[in-house]
Amino acid sequence: MYGPPPDAAQVLIDVPWSAWAISVVAGVLCAVAAGRCRGQVRLALGTLAGTTLLTAPMLGMIPVGVFGSYPTIDKAGSLHFFREGVHWHLGNAADPAVQLIGVHLGHLWIVELFSRVMPDWAGFNAQSFLNLWLAWLCTSNWLQHRVQVHGPRRGAVAASVLLAIPFAMNLHQFRDINWYTVEKTSIFVLPLWLLCVDKRRSVAAALTGALAMFLNVYMGILIAAMGAWMVLGVGLRRGRDWSSVRPVLATAAGMLPFVVWQAVLMRGAHAPGSPDAFLHQRAALDVVSIVPWQWNRLEGWRTMSFLVLGLALSWSVTAVLWRGTGRGGSLWALAGAVIAVGIALGPTGNPLYMAFFDYVPGFWRVAKPETFFFIPWLLSVTAATEAIGPLSRRGVALLAAVTVLGWLWGVRSHPVYPNFYARPPLPEAHDSRP
């Protein structure tokens with residue numbers, strides 16, 4: 001099974017034509033507005049238009065029905081925690097809900113903001129949609145920056161936007177929307193952080209690292225892993241450029257308060273679960289598998305674009321054989337991607353994972369090793385973008401057709417793509433704030 005079995009209380013609802021109309025009209029208007037703008041405004045409106053049209057009628061269904069299966073343990077539990085005001089109690093280490101969730105309560109604060117203008121359950125819908133758009137926008141920015149580093153290239157902007165889709169709009173994202181808690185879709189912080197570091201923006205990198213920890217500790221762990229690998233690479237390289245280390249150190253400073261408080265929440269008798277329980281009952285299940293080829297029980301050929309894999313492979317061969325400038329950095333990134341894949345394979349018969357489990361403090365709480373695959377997948381998308389040469393208008397059109405049709409076939413038509421279900425009843429009027 002791809003996810004948990006359906007609850008007996010789950011009720012599938014029909015999608016009104018008004019929801020389709022809202023999504024299509026809003027998407028077209030954003031696309032038209034993007035055509036009349038330049039720079040970041042154009043990119044923001046263009047990716048918003050694409051998100052709205054590809055996922056239609058999601059935008060129009062935000063206040064109508066729940067995105068994906070409802071109730072599930074994760075989604076019903078998250079709504080319950082919100083209604084109990086757990087996010088107001090982050091500083092209370094004795095609160096069992098805070099111990100269970102950890103420091104990443106930021107997603108509930110975002111729902112708190114949305115709940116000022118819509119029902120609380122609709123706030124979770126709005127955040128899911130927002131995270132999809134932000135992932136596409138931030139990934140496009142990162143890819144566009146990487147292409148520009150190597151010099152202007154015809155069609156590079158369009159290629160960056162299109163090849164961001166396999167990362168930002170991945171099937172994994174929609175599976176999480178369908179069954180699990182909304183913070184799992186906040187992957188936009190990964191390309192955003194890489195962009196800040198590559199541009200040597202220390203303050204922005206620190207804020208992004210802090211945001212990652214507050215939204216999803218797993219994203220914070222991935223950023224910490226990439227940062228540690230970057231620092232190690234600079235330390236081992238001749239002609240060290242320590243300027244690239246400053247934003248990484250700033251990130252560590254921004255994340256430190258969240259790391260300390262998470263450590264407090266994981267200590268003592270109140271800690272939710274033991275290391276052995278997390279290892280055998282959680283970490284051994286949510287993994288990447290080579291045979292069969294799967295990413296957390298999702299078919300590899302549906303979650304990983306063949307176009308991206310082919311282009312990334314050509315880039316990897318070039319990185320290994322090429323003798324020019326930057327070869328060392330390329331090989332170091334490739335080695336980091338291989339290690340991340342090794343961790344994503346999980347603990348079963350995997351000495352690499354067990355080494356981290358045994359020697360890295362707090363690593364026992366990593367219940368989803370498959371999350372580490374976001375690192376090599378983002379690097380694969382980056383490599384694929386860098387591997388593409390100049391594109392004519394016909395080449396851009398062909399790339400768009402292959403990417404969008406591949407997404408429709410691999411993601412939109414998959415059984416885990418979320419439908420819409422009856423909304424939960426509204427709570428009795430009360431104020432959970434302290």
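Helices (H or I, at least four residues) and strands (E, at least two) are DSSP runs, numbered from the N terminus. By that definition the protein chain holds 21 helices and five strands. The model is a predicted one, in which local features need pLDDT of at least 70 and side-chain atom pairs count only at pLDDT 80 or more, while totals for chains, interfaces and linings use all residues. Residues are numbered from 1 along each chain as its sequence is written, and side-chain values use heavy atoms, with hydrogens and water left out.

Along its principal axes the C-alpha trace spans about 65 × 55 × 45 Å. Of the 434 residues, 51% are buried, meaning under 20% relative accessible area with a 1.4 Å probe and protein chains only.

Helix α11 (residues 189–198) and helix α12 (residues 202–215) pack at an angle of about 160°, with their axes 8 Å apart, where axes are lines fitted to C-alpha atoms over the stretch in contact and angles run from 0 to 180 degrees between N-to-C directions. That makes α11 roughly antiparallel to α12, a term for angles over 145 degrees. The contact (heavy atoms within 4.5 Å) involves residues including Trp-193 of α11 and Gly-209 of α12.

Definitions and conventions. Angles under 35 degrees count as roughly parallel, over 145 as roughly antiparallel, 65 to 115 as roughly perpendicular and the rest as oblique. Buried means under 20% relative accessible area, exposed over 50%, partly exposed in between (1.4 Å probe, protein chains only).
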